[in-house]
Number of protein chains: 2
Amino acid sequence: MFMSQRRQSRRKQPIVATAPMRRPGAVGIEADSHVAFKDASSSPSTVHALCDTTDNQRLFDYEKRVKDTFDRIEPMLQQVMDLPRDANFEAQAQSIAKRQLGFGLPENILGDSSTGSTEKARLFSWCVFESYRKFCEDFFSEDPLAARAGDDFQSFLQSCGFHLMDITPCADGRLAHIIRYVLRLPQRHVRRKSFAGAMFDIDDSVQKWVEVEMLRHHEASPNAADEPTRYLKMVAYHFSSVDPHHEGCAAHGSDTRKAASAGLAQLQGFREAVENSFCCGASIDLLLIGIDTDTDAMRVHVPDGNGEIDLDRFVDSLELFQMTQQHDAAKARQLIADAVVACAADIAAGMQRFIARIIENNLSQIEYVQHYYGQAYPDTGHAERFIGCGVGFEEIQLRNLMYFAYLNTVEEAAADLDVGIKIFSGLNVSRDLPVPIVVRFDYHGHVPGARERSIAHCRRVAEAINNRYGDLLQQGLLHILQVIRDCRADASLEVLQCSVNDQIAAGVH
Amino acid sequence: MFMSQRRQSRRKQPIVATAPMRRPGAVGIEADSHVAFKDASSSPSTVHALCDTTDNQRLFDYEKRVKDTFDRIEPMLQQVMDLPRDANFEAQAQSIAKRQLGFGLPENILGDSSTGSTEKARLFSWCVFESYRKFCEDFFSEDPLAARAGDDFQSFLQSCGFHLMDITPCADGRLAHIIRYVLRLPQRHVRRKSFAGAMFDIDDSVQKWVEVEMLRHHEASPNAADEPTRYLKMVAYHFSSVDPHHEGCAAHGSDTRKAASAGLAQLQGFREAVENSFCCGASIDLLLIGIDTDTDAMRVHVPDGNGEIDLDRFVDSLELFQMTQQHDAAKARQLIADAVVACAADIAAGMQRFIARIIENNLSQIEYVQHYYGQAYPDTGHAERFIGCGVGFEEIQLRNLMYFAYLNTVEEAAADLDVGIKIFSGLNVSRDLPVPIVVRFDYHGHVPGARERSIAHCRRVAEAINNRYGDLLQQGLLHILQVIRDCRADASLEVLQCSVNDQIAAGVH
């Protein structure tokens, strides 16, 4: 079955209630505001048979809780800034902050004699960093996105002929939720490395492939090297159905075809590198998908029996959602399987099953967006709350929460960082709010000296950022939190330094 | 046998003739100068029985030829600058250059209206870069340092229980000749990665170890994974017997003990990282050596039967040279073997044979230095001809030819580069000569896009250097040659750009 690129009309029933989502320039809501939204269980007739409404509810509660925290900062701050500077000022400010954010403000900033705008920028940054820190603490201690019990993804993956799923989405914040939300996969069992425009580093990927092969040989992990499974490399490009010419992938000039074809070329380059670097028939499997950042629906470019991918040959999950909506689960599954095979009759059975599974999973996410946000997300464009740069950020599994610049050095990632600063110049600086940047380097605690190197990386990168964006720094509109984390343990972050006040270590307030 | 750290007195006969070696501030000699030097064959009675005088002669001819080329540039240039600027100027200048350097000068610089010092800096840089280019061409096409026929190092290595020898010397130019000269090993069969202070990157080394293991499993290269051989990681620190408190390792404050102990800690860290990262008893073998940069003699810290290294337990090759000097080859070999075993009675037989071999090889180098340079090299300190930075430089196997900053970004290697600039401020800038920098990134031609990435790396690093050392750039005292090379092929360099004149591609003159 050939699916055209033309978007078919969407589900007609508009969703009445919308959840609070910050738009650029808009303010968030207060903790005690009540926004009505329709619960999925109240309209069972419209729910797709393959949709997991329990998972949807849980994922939405989490998304709402996290984003609300960040979005309450600005209005809270405005209230504080509007307070009369009398003897009660500090007490009142603390009371407002604790009521609305759940934590107090650093006394030395409140009692500081700095001008109003610098003070506001410092308080805003401090609140963003503290919210981020608490969010991380929650993520690593409570595991709020744990996959459902019994969902043994690794066994399923191997039964499809793959021993590792490695996906590169674009680094755009609107794709940060791709694993646990869009594809409904357990984030701990999928390798994710984001790059601007999904243009992943082929050398780095070959190294990872080598490491995985070595572990299969040495430790039979995740399976023995003689098991006939392969490394599955996926690329997820993206586009916008609401505003295709402006809100697509910035790295490819919002040109969907260009984004898809660049992703495919990178995948083919990686396969060629593996095949050319090693003899003995070493190779990998490839899969290209495209995500509509407005609906979270996806296109899967189904590979043929030779593993070849065609940009014009794909199945569209939104079309399948509509086509299967009135059917029971068994029939819906059959229609999905048929659609995949119709796309490439000679597709390998394992790949076919894998694709059918991620399409089925994605139907829950389509339902999620439609139910909680309407025909499309209200935040079509960038609406990130802060910039993250460095290596790590496993906890970022939410859409439009963080602009991510994966980097080892500012020198190499200057273009990506410039884009981030430009985005936040619109989102924040234009409203006299600072650009909050988290510099983060995760490390492997079992490698001697790794922690010390991560600390040195943080310091170097923070210094380079300050040098590059000296104007913002001078205006007090650039603040940096330096953190590291041992990525093997379930430990939370270790805060190294915070430009808001170098004396304020997290938790000391 | 415990050998003390005290230096014993050296061979008493001073070598009459010295070869032309540039010292900081000194000028080189002209091509037609004749400097008498004593041929090794004329004093056979003093030659050590284990010394390979044929190899010595060949290595010395090569060293002299290459360094002479670079050292003729400055006096040639002075002659040219002293010429009257009349109608014959260009013809005379070209004639002098061709006679002394073997190549002409770029006409557009000679005919340029720039001031004398800028012109001189450009001409000097151009000559250095052109000499470097020709030197590389010669190296990759003629293989001037090819190991002697029948020297099957890989078999020997495996017979000692190792499948790869990986050595990290300090990046100091006075150790650049360590493989082919100091240790007399074939440079193509030894992995060398230099770092300031020999402080190699443990993460990078673990990656390399993984790659080597994978190739053994996948391709039985260099041997099958079930062969009981191990990865041998060596560190070479250095010290100066002539001026120990000033001309030792700058990265360790000329403190020999500190340099040795830091090297040992890094080795142990690497082993720990391998052991902790992988189960199944994965481990590596370690060896620490120290080089006296004045005599090229070395200390080998002989590991005991458990592979443990003690900073105070080593054999000194200069002591062994003297001890065995009057003996025949068989007896000398026996004494070396005895000395190694006396240092660690339970040493593994393979490690013992390996150490004995490199000590025996080093005796030729001790003889080399004594014969051609006297009791010590005349250039005790830095006397490099140019700075090289980036990844590559396999052809640099000569002492004090190039100051090497191994780097991917200027941001990460700023400290190393600053040291290089400081050295050349003394060597060159103080005499109105520019700092010539070769920016080089080698790539694997079989990896798609690798060449393009190398080109991008060169441009980015050149720009970052120009930004960091803007003062020198403004004065016309900083020049950069950008080159890349496919490191698999025996191809020569590909010149990308030269700041002397962006229009002058190599060979177009």
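Helices (H or I, at least four residues) and strands (E, at least two) are DSSP runs, numbered from the N terminus. The model is predicted: local features need pLDDT of at least 70, side-chain atom pairs count only at pLDDT 80 or more, and totals for chains, interfaces and linings use all residues. Residues are numbered from 1 along each chain as its sequence is written, chains are lettered from A in the order in which they are written, and side-chain values use heavy atoms, without hydrogens and water.

**View 1. B:Asp143 in a loop of chain B.** The loop that holds B:Asp143 runs between helix 5 (116–142) and helix 6 (153–159). B:Asp143 has a relative accessible area of 30% and is therefore partly exposed (buried is under 20%, exposed over 50%, partly exposed in between; 1.4 Å probe, protein chains only). Apart from neighbours within four places in sequence, B:Asp143 is in contact (heavy atoms within 4.5 Å) with B:Asp138, B:Gln187 and B:Arg188. B:Leu427 is 284 residues from B:Asp143 in sequence and 30 Å away, C-alpha to C-alpha.

**View 2. Residues 1–44 of chain A.** Here pLDDT (the predictor's confidence in each residue, from 0 to 100) stays under 50. The model has 99 contacts beyond four places in sequence for residues 1–44 of chain A.
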